[in-house]
Amino acid sequence: MADRLAKLSTENAVVIFTTSQCSMSHTVESHFSDLTVSAAVHELDKDPRGRDMERELARRLGRSPPRGGASIIRGSPSLSPPVPAVFIGGKLVGSTDRVMLLHLAGKLVPMLKGAGAMWL
C-alpha cells in the first residue's frame with residue numbers, strides 16, 4: 001500500500017487524500033483553490049483500497065489507526081482521522097492544522113512555488 005500511496009502522492013504538485021464527507025478536507029481544498037492551486041484529490045471512501053491507504057496515512061502522520069475495523073470510510077471516524085492528508089511536491093505536509101500554520105507563517109506559498117504548484 002505504501003507504493004500505491006507514494007505513486008498517487010506524486011502525480012500532481014499538490015495531492016489531497018480525503019473522504020467525500022470530510023468538512024476539513026473541503027476547507028483545505030477551498031484554501032488551495034483560493035490560492036489558484038489545482039490539487040489532485042483522492043477520496044478514500046470511493047477507492048476500493050481506501051481503508052488500507054487510510055491506515056498507511058495514519059501511520060505516516062503518527063496517528064493511531066482506527067481499531068476494531070473502525071474507519072472514517074465506514075462512517076465511524078477515529079479520534080484523530082488521517083484526512084485530509086496533504087502532499088506538496090510529493091512530501092507529506094500534514095493535515096489542516098499544519099497547512100494553516102504554514103500559511104500563517106508565510107511558508108506555504110514559497111513551498112507551493114518550489115513544488116511548481118503556483119508561479120506568481
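## A walk through the predicted model

Glu56 and Arg59 meet in a salt bridge whose closest N and O atoms are 2.6 Å apart, where a salt bridge is a side-chain nitrogen of Lys or Arg within 4 Å of a carboxyl oxygen of Asp or Glu. The model is a predicted one, in which local features need pLDDT of at least 70 and side-chain atom pairs count only at pLDDT 80 or more, while totals for chains, interfaces and linings use all residues. Residues are numbered from 1 along each chain as its sequence is written, and side-chain values use heavy atoms, with hydrogens and water left out.

Both Glu56 and Arg59 lie in helix α3, three residues apart, about one turn of the helix; helices (H or I, at least four residues) and strands (E, at least two) are DSSP runs, numbered from the N terminus. Glu56 counts as buried at 11% relative accessibility, whereas Arg59 counts as exposed at 55%; here buried means under 20% relative accessible area, exposed over 50%, and partly exposed in between, with a 1.4 Å probe and protein chains only. Glu56 also meets the side chain of Arg60 in a salt bridge (3.0 Å, N to O), and because Arg60 and Glu56 are four residues apart in helix α3, about one helical turn separates them. Arg60 is partly exposed, at 30% relative accessibility.

In total the structure holds five salt bridges.

Of its 120 residues, 40% count as buried. If contacts (heavy atoms within 4.5 Å) between residues at least 6 apart in sequence are considered, 64% of them join residues at least 24 apart.

What lies in the interior? In soluble globular proteins, nonpolar side chains tend to be buried together. A nonpolar core is a set of buried Ala, Val, Leu, Ile, Met, Phe, Trp, Tyr and Cys residues joined through side-chain atoms within 4.5 Å. The largest such core here has 16 residues, and those with the most contacts inside it are Val14, Phe32, Val37, Val86, Ile88, Leu108 and Leu112. At least two residues of this core come from each of β1 (14–18), α2, β3, α4 and α5. Apart from it lies another core, of 12 residues, among them Leu8, Val15, Phe17 and Ala85. Returning to Leu112, and leaving aside its neighbours within four places in sequence, we find this residue in contact with Val14, Phe32, Leu35, Val37, Ile88, Ala117 and Met118.

His31, found in helix α2, is buried, with a relative accessible area of 14%. Not counting residues up to four places away in sequence, His31 touches Val99, Met100, His103 and Leu108. Just after α4, Gly106 takes a positive phi of about 75 degrees.

The structure holds one aromatic pair, for which rings of Phe, Tyr and Trp (its six-membered ring) must have centres within 6.5 Å, with planes under 30 degrees apart counted as stacked, over 60 as edge-to-face and the rest as tilted. Its members are Phe17 and Phe87, arranged edge-to-face, 5.6 Å centre to centre and with 75 degrees between the planes. Since Phe17 lies in strand β1 and Phe87 in strand β3, the pair ties together parts that are 70 residues apart in sequence. Phe17 is buried at 0% relative accessibility, and Phe87 is buried too, with a relative accessible area of 1%.
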